[in-house]
Amino acid sequence: MADNADHIDGDDNEDVRAQQNLIKIKLKSSEGGIYECGLTAAKMSDLVKNMVESLGTDAVVTTEPIILGNEAVTDAALKKIIEWVEFHWDDPPVDHDFEDEKDRRNEELSHWDKQFIDVDDQALLFDVIAAANYMDIKGLVEVGAKHICSKIRGKSCQEVREMLKITNDFTAEEEDAIHKENAWIYAKD
Amino acid sequence: MFHMERELTQMMASLETTDGCEDRQQPKIYAKNSMDRFGDDLCQLLLSYLSFEDRFQLKCVSKQFRRTVFESVVSIEINDQFMQQILNTTITETLATIAIKCPNIETIDCRGIDTEYETHISELLAIFRDNCLNLRKIYCNLWQNSGQTMPRIGPLVTRINSLTLPDN
């Protein structure tokens, strides 16, 4: 039900959004940890947004925390995610026009996002990305994606396998055949 | 089926499993710090910020990369630099390889092709027309002899928009 036209009245209004972010709701990780998060920030997650809309804001504020059952939503990952949405909840809305979309995709990450996503612990980084994907926070998945792409850009396949701990499941013959298709890339040298 | 119990336990213990994977019979448990843990949909999304060249370069990382790295290509920009690069290869073959690998291309932007390579545009568009069934938008400059190009894609054109840049 990710319908963009499906906004609540006044949802786009800055003041309303700021006021709503003063309302705190509770999110529960798959490890059982419970963390508070501003309502507007939490609703950057389409999963949370849909839950809040179906349960009603009052119910969410006064009752049990929202349970995020996916294994990737560890305590550490959820804390990172809350840090991200609390920083980004008042970002201007995204335009999906072709040229704008292209510019946005090519745009480098902000300094803050770069620092945020540059996590040494790769298991945590992948938890954050998988959890953001499960919670349907498109902006954060994009940050993760841009980070990974910036790390593997211009690297060899072997370097990428080592960096991202990927198993090479090709036979030597298969790998040779694939390299042949790339002739045009190497032709420039 | 058989081994149901074992499979179920494995499934519950596994994190994200790769779906639609041709050569794995059972869901596997992946290390949390390995990108192998991600399913195809997420993998495709994560790789969608790579340049076209990087995609070709990295499709031999793993079978999952090969399956997913081109899926997210919905637009392609072809300019002089690109044409120069592929002029050293068999152009039609290279273009066809690209078009076949990226069946989801919807938009071709060849406004970056200058008159020097203009002769190839008609051939180029025909190749993408035949292989990319979702092709919906073509951005290109028109020249005096663009008349050669139009008949080849003519029947498919349903709308022509003219974009004029302020300075031209």
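This is a predicted model: local features need pLDDT of at least 70, side-chain atom pairs count only at pLDDT 80 or more; totals for chains, interfaces and linings use all residues.
Local features are given where pLDDT is at least 70, side-chain atom pairs count only at pLDDT 80 or more, and totals for chains, interfaces and linings use all residues. Residues are numbered from 1 along each chain as its sequence is written, chains are lettered from A and ligands numbered from 1 in the order in which they are written, and side-chain values use heavy atoms, with hydrogens and water left out.

**View 1. The largest nonpolar core contains 86 residues.** A nonpolar core is a set of buried Ala, Val, Leu, Ile, Met, Phe, Trp, Tyr and Cys residues joined through side-chain atoms within 4.5 Å; buried means under 20% relative accessible area, exposed over 50%, and partly exposed in between (1.4 Å probe, protein chains only). The residues with the most contacts inside this core are Leu27(A), Val48(A), Leu140(A), Met35(B), Phe65(B), Ile78(B) and Phe128(B). Helix α8 (residues 122–134) of chain A supplies the largest share of the core, eight residues. Helices (H or I, at least four residues) and strands (E, at least two) are DSSP runs, numbered from the N terminus. Domain 1 (7–68) and domain 2 (75–156) of chain B each give the core at least three residues; the domain bounds come from an automatic or database domain assignment.

**View 2. Met35(B) touches residues of both chains.** Contact means heavy atoms within 4.5 Å. Not counting residues up to four places away in sequence, Met35(B) touches Phe126(A), Ile148(A), Leu164(A), Lys165(A) and Ile166(A), together with Cys43(B), Leu46(B), Leu47(B), Gln64(B) and Phe65(B). Of these, Gln64(B) belongs to helix α4 (residues 63–68) of chain B and is buried, with a relative accessible area of 6%. The Gln64(B) side chain reaches the backbone oxygen of Phe38(B) at 2.9 Å.

**View 3. Chain B and chain A form an interface with a buried area of about 4200 Å².** Buried area is the accessible area (1.4 Å probe) that two parts lose on being put together, summed over both. Carbon and sulfur atoms give 61% of the area, and the contact takes 46 residues from chain B and 48 residues from chain A. The rule finds three salt bridges across this interface, a salt bridge being a side-chain nitrogen of Lys or Arg within 4 Å of a carboxyl oxygen of Asp or Glu. The side chains of Arg37(B) and Asp127(A) meet in a salt bridge at 2.8 Å, N to O.

**View 4. Domain 1 and domain 2 of chain B bury about 390 Å² between them.** Carbon and sulfur atoms account for 84% of this area. Phe52(B), Glu53(B) and Phe56(B) supply 87% of the area that domain 1 buries against domain 2, more than any other three residues. Across this interface the rule finds zero salt bridges and one residue pair in polar contact.

**View 5. Thr40(A) is located in helix α2 (residues 39–42) of chain A.** Thr40(A) is buried, with a relative accessible area of 9%. Its side chain reaches the backbone oxygen of Arg17(A) at 2.6 Å. Leaving aside neighbours within four places in sequence, Thr40(A) is in contact with Arg17(A), Gln20(A), Asn21(A) and Trp89(A).

Note on methods:
A polar contact is a pair of N or O atoms within 3.5 Å; within protein, one must be able to donate a hydrogen and the other to accept it, and residues adjacent in sequence count only if both atoms are side-chain atoms.
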